[in-house]
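Please look at the sequence and the structure first, then read the notes by topic.

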Amino acid sequence: MQDVGSSSIVSRSDWSIPDGVTYLNHGSFGPTPRVVQAAREEWSRRLSADPMGFFLRELDGALNTAAARLGKWIGADPRDLVFVDNATVGMNVVAQSLKLEAGDEVLLNDHEYGAVFRIWRAACDRVGAKIVSPAIGTGDDSQPRRFHDVSEIVQPIANAITSRTKLIVISHVTSPTAMVFPVEEICRIARSRGIPVCIDGPHAIAMRPLNLQKLECDFYCASLHKWLSAPLGSGFLYVRRKWQQGLKPHLTSWGRSLGGCPPRWQDDLNWLGTRDPAPFLAVPAAIDFLERTGVEEFRQQTHALTQYTRGRLEQILGQTATIPNSIDWYASMIAVPLPPDSNKKSRPNAIHPLQQELWNQHQIEILVTECHGHRYLRVSCHLYNSAAEIDQLCVAMQKWLEDSTEGH
Ligand SMILES: Cc1ncc(COP(=O)(O)O)c(C=O)c1O
């Protein structure tokens, strides 16, 4: 076992992951560190003790303070941010707000997140607009698509732009293949063609450097429960100034601050009826927690462990990862193709048998993903993970491969 993934000043005991569980799926749902749980509980306690005082006199200021801290951290003016429950809500708000007409096109490459496709398909269907979905990468789908150069992502997207393109939607880090997309380059091209860009960024927060002022996208949707380890139920939507007044909420409520503050574009989303905003208000606690290690150290350490994982899995599975071995292409999460036998169709919605076995036999939480008919083992490495856990995964994978061969 190598000494990777273990030099941080935070450790597994800073989380409350149950004993015996090897948690390798921070990318889907990140466990919340104890101090962040405590911060959230304290905000909930204050709300529960005095809801009138909290909603009328405390909430506006507390949201401003939390947005200021987040904005500083992601290079955004807090006046351009609003807290939302998660990236899905943010994307729905954008889809609700963009004025589409029959024949308009929304450009989503064919590696985008399934729920995001559904959101835009529904928005397009309402008015007779259409989704344009260019294939990216090299190869046909008899093998997992491979990537060698960013042009294999950028060019198909650029080539698919037409005079009817109303928006480009692109992940910052993809879900099924854990791949970092060149969003800076996509934004630059889109700007030169006068097309707005909406970035689907839940995996990128903390995992990737982010400066929204420099990036100059039009919308950025994120969940903060993933790599930042903020509470579940916290996310944000960034909206460039020119779009803010036209923004339509996914739910309609009062559309104003209960505390009597002057109107602003966030009002519709800040008050969605009576609810507990504690997850948003505890976001600064998650930033503080990560800064105890240092965000650069976090990135280096989690990438080192992910790189180790990649090498070990490639060896055991006899498969090569589909992207170059560089931090520009993957950071704290890697997806390695499973052997072709694993691609057999299972019942729709069923959890892949390998994922089930890793949980049932080894208490390993992990994700088997699917992209264009191919299965991948996607491993997430956060600060609480260690090389010993990756070695444990490899032993389990070796056994699974042996059992699968015997079963033939
Ligand atoms: C690329 C991508 N977009 C959007 C989402 C949706 O995130 P959430 O469920 O937090 O809204 C996910 C979730 O994993 C994702 O991976």
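Why does glutamate 297 count as partly exposed? Glutamate 297 has 16 C-beta neighbours inside 10 Å, and therefore counts as partly exposed; a residue is buried if 20 or more other C-beta atoms lie within 10 Å of its own, exposed if 12 or fewer, and partly exposed in between, with C-beta atoms placed from the backbone. This is a predicted model, in which local features need pLDDT of at least 70 and side-chain atom pairs count only at pLDDT 80 or more, while totals for chains, interfaces and linings use all residues. Residues are numbered from 1 along each chain as its sequence is written.

**Domains**

- The domain assignment of the protein chain gives domain 1 (12–17 + 294–406) and domain 2 (38–290); such bounds come from an automatic or database domain assignment.
- Between the C-alpha centres of domain 1 and domain 2 there are 27 Å.
- Domain 1 puts 22 residues into the contact and domain 2 puts in 18 residues, where two residues are in contact if their C-beta atoms, placed from the backbone, lie within 7 Å.
- On the side of domain 1 that touches domain 2, two or more residues come from each of helix H12 (295–317), strand E9 (333–337), strand E11 (367–371) and strand E12 (374–380); helices (H or I, at least four residues) and strands (E, at least two) are DSSP runs, numbered from the N terminus.
- E9 gives the largest share of that side, 4 residues.
- By class, this side of domain 1 has 13 nonpolar, 6 polar and 3 charged residues; Ala, Val, Leu, Ile, Met, Phe, Trp, Tyr, Cys and Pro count as nonpolar, Asp, Glu, Lys and Arg as charged, and the others, Gly among them, as polar.

**Helix H12**

- Glutamate 297 lies in helix H12, and its C-alpha atom is separated by 7.7 Å from that of serine 8, 289 residues apart along the chain.
- Glycine 311 is also placed in helix H12.
- Glycine 311 counts as partly exposed because it has 16 C-beta neighbours inside 10 Å.
- Glycine 311 and asparagine 211 are 100 residues apart in sequence, and their C-alpha atoms are 31 Å apart in space.

- E12 is largely enclosed by the rest of the structure, because 7 of its 7 residues are buried.
- His374, Tyr376, Arg378 and Ser380 are buried on one side of E12, and Arg375, Leu377 and Val379 are buried on the other.
- In a regular strand the side chains alternate between the two faces of the sheet.
- E9 and E12 run antiparallel and are joined by 5 bridges; two strands pair if DSSP finds at least two bridges between them.
- Methionine 333 stands opposite serine 380 in E12.
- E11 also pairs with E12 in the antiparallel sense, over 5 bridges, and cysteine 371 has histidine 374 in E12 as its bridge partner.
- E11 and E12 form a hairpin with 2 residues between them, and histidine 372 in the turn has a positive phi of about 50 degrees.

**The seven-stranded sheet**

- An open sheet is formed by 7 strands in the order E2-E8-E7-E6-E5-E3-E4, with mixed pairing.
- Its edge strands, each pairing on one side only, are strand E2 (81–84) and strand E4 (130–132).
- Neighbouring strands of this sheet are turned by 20 degrees against each other on average, direction ignored; axes are lines fitted to C-alpha atoms, for helices over the stretch in contact, and angles run from 0 to 180 degrees between N-to-C directions.
- Strand E3 (residues 105–108) pairs with E4 in the parallel sense over 3 bridges, and glutamate 105 has lysine 130 in E4 as its bridge partner.

**Helices on the sheet**

- Helix H2 (residues 51–74) lies across E2 and strand E8 (235–239), and runs at about 110 degrees to E2.
- Helix H3 (residues 87–97) packs on the sheet, where it touches E2, strand E6 (197–200), strand E7 (219–223) and E8; the direction of H3 makes about 155 degrees with that of E7.
- H3 is mostly covered, with 9 of its 11 residues buried; among them are Met91 and Val94.
- The buried residues of H3 pack against E2, H4, E6, E7, E8 and helix H9 (267–270).

**Around the ligand**

- Of the 13 residues around the ligand, those that come nearest are Asn86, Thr88, Tyr113, Ser175 and Ser223; a residue is near a molecule if its C-beta atom, placed from the backbone, lies within 6 Å of it.
- H3 and helix H4 (114–127) are the elements that give two or more residues to this shell.
- By class, the shell has 5 nonpolar, 7 polar and 1 charged residues.
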